[in-house]
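Here is my note on the fold you asked me to look over. Please read it with the model open.

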Amino acid sequence: MDAQKSIMTFYDIASGPPVRPFAPNPWKSRYALNFTNTPYCTTWVPLPDVAATRKKLGVPACRKHADGTDFLTLPILYDPTTTTSTQQEGTFVGDSFDIAVHLYNKYSSPDEGRPPLFPPNSLALHRTFNAHVDALFTLNGAQLAGYYMPFDPATAEAVQADFARRAGLSRWEDLEIPQGSEERKKKLAAFEAALGSGLATWFVRRDEGPFLEGRTPMYADLIVGGWLQMMRNCLPEWEELRRWHGGLWGRLYDALEEWAEVS
């Protein structure tokens, strides 16, 4: 296959200008693409066009909204080098964890000096870890960071109205927890405590490096990194979070910069 035709297409959510990635699940996949040294290019999708794009590509929803309707979101990865259907060239993968497994099965190359994306026999553990980390950050961090997502000003009003509707609120402004308020201070303290009660203790069991296994990174580190990227882009108190638990999260974020290239 021609080298240009073998490049994967990665569909990510576009922020407001300047365009940059900010959503946690696409960041997990972007880290994995870079970690496995997989050639890819990014197709940026404005938030109002995400659902239509997923439908157009024929990729079914992998999540549901609270009301039971399909949550049509990103990331999506298109791999032109593999196929799962006689009706279609290439393969679309529409879930961040499934994207990681796809890359691990097809393109991870530990023989080239890189560690495997998943250590042997760890897929089930990683899937459970992914669900735990998602729940931890969703329940504690997303409510503090979500109001500050970098929307495109051209479409922000419509996007904010949709977010408020899905949250069962009449106004986007009702999602704000004002900076410096007592309520926000309490929620930040609760967020720090939630991270410290389990996740932080798992990371500090090895002191040879910033990753769960010390010096050697794996997909579990990228899962946490995806959420740290959202905090970096959306949480006003990011610098404070970096210093929590002895600077653990800042060290992990910095160590993952090696695989944070935006292609």
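The points below go from the sheet to the helices packed around it.

1. Basis. This is a predicted model, in which local features need pLDDT of at least 70, side-chain atom pairs count only at pLDDT 80 or more, and totals for chains, interfaces and linings use all residues. Residues are numbered from 1 along each chain as its sequence is written, and side-chain values use heavy atoms, with hydrogens and water left out.

2. Sheet. Four strands form an open sheet in the order β2-β1-β5-β6, with mixed pairing. Its edge strands are β2 (40-46) and β6 (91-93), each pairing on one side only. From one strand to the next, the twist averages 20°. Strands (E, at least two residues) and helices (H or I, at least four) are DSSP runs, numbered from the N terminus. Pairing requires at least two DSSP bridges between two strands.

3. Strand β1. β1 and β2 pair in the parallel sense, over 7 bridges. D12 has W44 as its bridge partner in β2. On β5 (residues 76-79), the pairing with β1 (residues 8-14) is antiparallel, with 3 bridges. There F10 is partnered by L77. Of the 7 residues of β1, 7 are buried, so the strand is largely enclosed by the rest of the structure. Buried means under 20% relative accessible area (1.4 Å probe, protein chains only).

4. Helices on the sheet. Helix α1 (residues 24-35) packs on the sheet and touches β1, β2 and β5; its direction makes about 150° with that of β1. Helix α3 (residues 96-106) lies across β1, β5 and β6, at about 25° to β5. Contact means heavy atoms within 4.5 Å. Axes are lines fitted to C-alpha atoms, for helices over the stretch in contact; angles run from 0 to 180 degrees between N-to-C directions.

5. α1 against α9. The axes of α1 and helix α9 (residues 219-234) come within 8 Å and cross at roughly 130°. That makes the pair oblique. Angles under 35 degrees count as roughly parallel, over 145 as roughly antiparallel, 65 to 115 as roughly perpendicular, and the rest as oblique. Residues of α1 in the contact include W27, Y31 and F35; those of α9 include L222, W227 and M230.

6. α9 against α10. α9 and helix α10 (residues 238-255) pack at an angle of about 155°, with axes 12 Å apart. The two are therefore roughly antiparallel. Among the α9 residues that meet α10 are V224, L228 and R232; α10 contributes residues including W238, L241 and W249.

Terms used:
Buried < 20%, exposed > 50% of the residue type's maximum accessible area, 1.4 Å probe, protein only.
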